[in-house]
Amino acid sequence: MKIAIIKLSALGDIVHASVAIQFIRKHIANAHISWFCDVRFEQIARLLAGVDEVVALPLKDKKFLKTFGILRQKQGQFDIIIDLQGLLKSALVSRSLGKNIFGFDRFSTKEGLASIFYTHKYSCNYDKNIILRNLELCSFALNFSFDEKEILTKEPCFLKKSRISNKNSRIPNRKILIAPFASENSKCYAHFASVIKGAKEFAQCFLVAGSEPERKKATKLASSGATLLAPLDLTQILEFMDTCDLIIGNDSGITHLAWAQNYATITLFGNRSGARNAFATPKNLIIQATPKHEIDAFHIDKSDFCINDIDPAQIIAKAKGLCDA
């Protein structure tokens with residue numbers, strides 16, 4: 001069976017959908033899985049465990065003729081097409097590949113108009129946990145069942161060139177990686193300096209930053225007692241995580257990537273729902289601030305910076321508990 005999975009962007013979205021690949025492989029061992037994404041996320045998509053082919057589309061660069069040419073070559077090759085993105089552009093990509101398309105119905109996704117392009121539509125509360133939403137749509141399309149408890153025993157979702165973890169490297173100091181940035185300012189916690197000062201009593205703290213503006217902010221933050229890592233690609237980040245005892249971060253791709261790899265995490269949420277956007281386990285903790293208003297996943301209040309109401313002492317205490325576990 002040839003299956004096309006459509007998940008065009010972004011890093012966090014791809015991570016959230018990555019778990020579904022394991023379940024597809026578990027129930028349809030001989031499936032050939034093609035993953036369609038925007039070219040900006042080709043690197044992380046190529047690290048997905050269980051994917052046979054990655055098809056990168058230059059949609060963000062608005063190279064529509066090139067995109068059309070790529071899709072035309074793939075047209076009619078798939079038995080089943082699953083649109084996990086639920087946007088108009090992903091629905092159009094899906095429709096250009098074939099007609100046996102599975103997606104969310106118009107009440108279950110942000111751009112409900114996308115549903116007119118699907119031949120099979122699945123109803124699922126938009127506020128439901130995003131990892132479960134992806135799994136439910138795949139199980140609907142491929143006729144398998146699953147138990148939420150199976151997520152607790154998942155394998156790492158992404159490949160690494162090498163596995164370099166060594167418990168001896170964690171002695172005498174534990175290592176905490178902090179991912180202090182996110183795609184929006186209202187998702188960024190402002191008190192990581194206090195967290196670093198408290199956590200350095202029992203661990204070495206490291207900071208990861210990507211863009212030049214992020215690195216300037218991280219350099220200032222590092223003066224609190226952390227080490228700013230050199231610029232790393234995603235494979236190098238995965239390998240560094242493998243030497244850490246804990247990753248702390250905002251609702252961002254890096255923190256979700258750590259969860260997908262089964263590393264201990266603390267993820268901070270403010271104006272978005274942690275229950276929807278992360279999957280808590282005994283070693284993957286969520287700290288949710290109290291928003292100004294009831295959270296509406298369809299309409300996020302980006303002026304709400306309630307994430308900064310989280311007490312650094314709460315984060316430090318949970319971090320020590322996970323490091324001591």
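Biologist: Which strands does helix H5 lie across?

Modeller: Helix H5 (residues 130–142) lies across strand S1 (2–6), strand S4 (80–83), S5 and S6, and its direction is at about 160° to S4. Contact here means heavy atoms within 4.5 Å. Helices (H or I, at least four residues) and strands (E, at least two) are DSSP runs, numbered from the N terminus. Axes are lines fitted to C-alpha atoms, for helices over the stretch in contact, and angles run from 0 to 180 degrees between N-to-C directions.

By the way, this is a predicted model: local features need pLDDT of at least 70, side-chain atom pairs count only at pLDDT 80 or more, and totals for chains, interfaces and linings use all residues. Residues are numbered from 1 along each chain as its sequence is written, and side-chain values use heavy atoms, with hydrogens and water left out.

Biologist: In what order do the six strands of that open sheet come?

Modeller: Strands of a sheet pair through backbone hydrogen bonds, either parallel or antiparallel. Here the order is S3-S2-S1-S4-S5-S6, with parallel pairing (two strands pair if DSSP finds at least two bridges between them). At the edges sit strand S3 (53–57) and strand S6 (120–122), each pairing on one side only. Three bridges join strand S5 (residues 101–104) to S6, and Phe104 stands opposite Tyr122 in S6.

Biologist: And what is the order of the other open sheet of six strands?

Modeller: That one reads S9-S8-S7-S10-S11-S12, again with parallel pairing. Its edge strands are S9 (226–228) and S12 (284–288), and the twist averages 20° from one strand to the next. Helix H9 (residues 253–260) packs on this sheet, touching S7, S10, strand S11 (265–269) and S12, at about 145° to the direction of S11.

Biologist: At what angle do H8 and H9 pack?

Modeller: Helix H8 (residues 234–241) meets H9 at about 55°, with the axes 11 Å apart. That makes H8 oblique to H9; angles under 35 degrees count as roughly parallel, over 145 as roughly antiparallel, 65 to 115 as roughly perpendicular and the rest as oblique.

Biologist: Which residues in H8 and H9 meet?

Modeller: Leu234, Ile237, Leu238 and Met241 in H8 meet Ile254, Leu257 and Ala258 in H9. By class, the contact has seven nonpolar, no polar and no charged residues (Ala, Val, Leu, Ile, Met, Phe, Trp, Tyr, Cys and Pro count as nonpolar, Asp, Glu, Lys and Arg as charged, and the others, Gly among them, as polar).
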